[in-house]
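Please open the structure in a viewer and follow the selections below in order.

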Amino acid sequence: MVDQKGKIETTITSKYTWTIKNFSKLKCEKLYSETFFTGNYPWRIRIHPKGKKGKHLSIYLSVGDHANFPADWSITANFELSLINQLDSDDTITHEGEHTYKKNSSGMICAYGFPSFVSLAEFRDPDEGFLVKDRCKIVAEVSVENSGHEDTNNVNHLPNEMCSSTCDELVNFKGLCQIEKDHVRLLEEACLKHPSLIESHRKRKRSQKFTEWSFTTLGKVLHFLKTKKVKDMDDDACKELQDLWEELEMVKFDDLSWLKPHVESALSMRNYVARAMVLTKLKANVDALEGKMKGLQEQILLAETDLGRARMRWAMAEKGFVKRELDDELGCGIP
């Protein structure tokens, strides 16, 4: 296809499948997929597990790391977001959209998607097929015109009930990359105490994508350790942390020795939690038996008191009482 300025336009399409495990244990307000690309354009799927007003699952398509995009950057994308029905593919829910993504005055790029993608009641019902074995699958298919420029004036808005725009809370981190706002404070504190985290990336001149992946993974580990409690460290949580740590080790920060003991301590909580649960049950059994024994002891004390009173009444009644055999003759004074 050739546009009015003689440039050849080619449509680039990509498809990305995001599998979310342990959905019922998600406690975050929003969750992002890994970054995927349509040509050179980075994208991420964003969901709100608790949904719009707690009634609907919300799903959006957002632009990935855009820290180095020029101020006037924009791209028009046609996309489909699908919630896969794992029991019957014919019942998969798909919503389509078209939107021009562009930087606003604050340098942010708003996400676009569907705040009421599906009702949470339908989504959570295992018989419906969207959440099976506590996992769901979301597929994004994104198409863009690779013409070297994009029209920022022609934006196709779908009805508000079907499609809406919302700004991602991504923050420029140290001029290196875009990071989720929830992770920035922890990363800043970590980098302040351990400057080598940033120095190693600047020294090695790593790519923008690699840097985003590195600090995003570090942010996830820090956020995990900061927000999880001992009681949360079941098998699934330990597996999640183990996977994050292994991914972080692949990044090869110069020095993570300060973080490793905390990760190892958190992972050791798996056995601690299991043992603590056993001890809690045993202690509860002991408490129950002690309570039962205390109740019996109180009953014994009451019984002993009643017995003492009964003996006193018996002794008083026995005074002056001449015992006779019931078969003895009454007697009439005649021998």
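In this tour, a residue is called buried under 20% relative accessible area, exposed over 50%, and partly exposed in between (1.4 Å probe, protein chains only). The model is predicted: local features need pLDDT of at least 70, side-chain atom pairs count only at pLDDT 80 or more, and totals for chains, interfaces and linings use all residues. Numbering starts from 1 along each chain as its sequence is written, and side-chain values use heavy atoms, leaving out hydrogens and water.

Begin with helix α6 (residues 260–318), where lysine 260 and glutamate 264 lie four residues apart, about one turn of the helix. Glutamate 264 is partly exposed at 45%, and lysine 260 is partly exposed at 38%. The two form a salt bridge with their closest N and O atoms 4.0 Å apart; the term denotes a side-chain nitrogen of Lys or Arg within 4 Å of a carboxyl oxygen of Asp or Glu.

Next, select residues 279–306, listed by UniProt in an unreviewed entry as "coiled-coil region". This span is 100% helix and 0% strand, and its end C-alpha atoms lie 40 Å apart.

Move on to helix α5 (residues 235–251), which holds both aspartate 243 and lysine 239. Their salt bridge has its closest N and O atoms 2.7 Å apart.

Finally, select glutamate 141 and lysine 15, whose salt bridge has a closest N and O distance of 3.6 Å. Glutamate 141 belongs to strand β9 and lysine 15 to strand β1 (residues 10–20), so the pair ties together parts that are 126 residues apart in sequence. Lysine 15 is exposed at 60% relative accessible area, whereas glutamate 141 is partly exposed at 27%.

Note on methods: UniProt positions are given in the numbering used here, feature names are shortened, and annotations may be inferred rather than shown by experiment. Helices (H or I, at least four residues) and strands (E, at least two) are DSSP runs, numbered from the N terminus.
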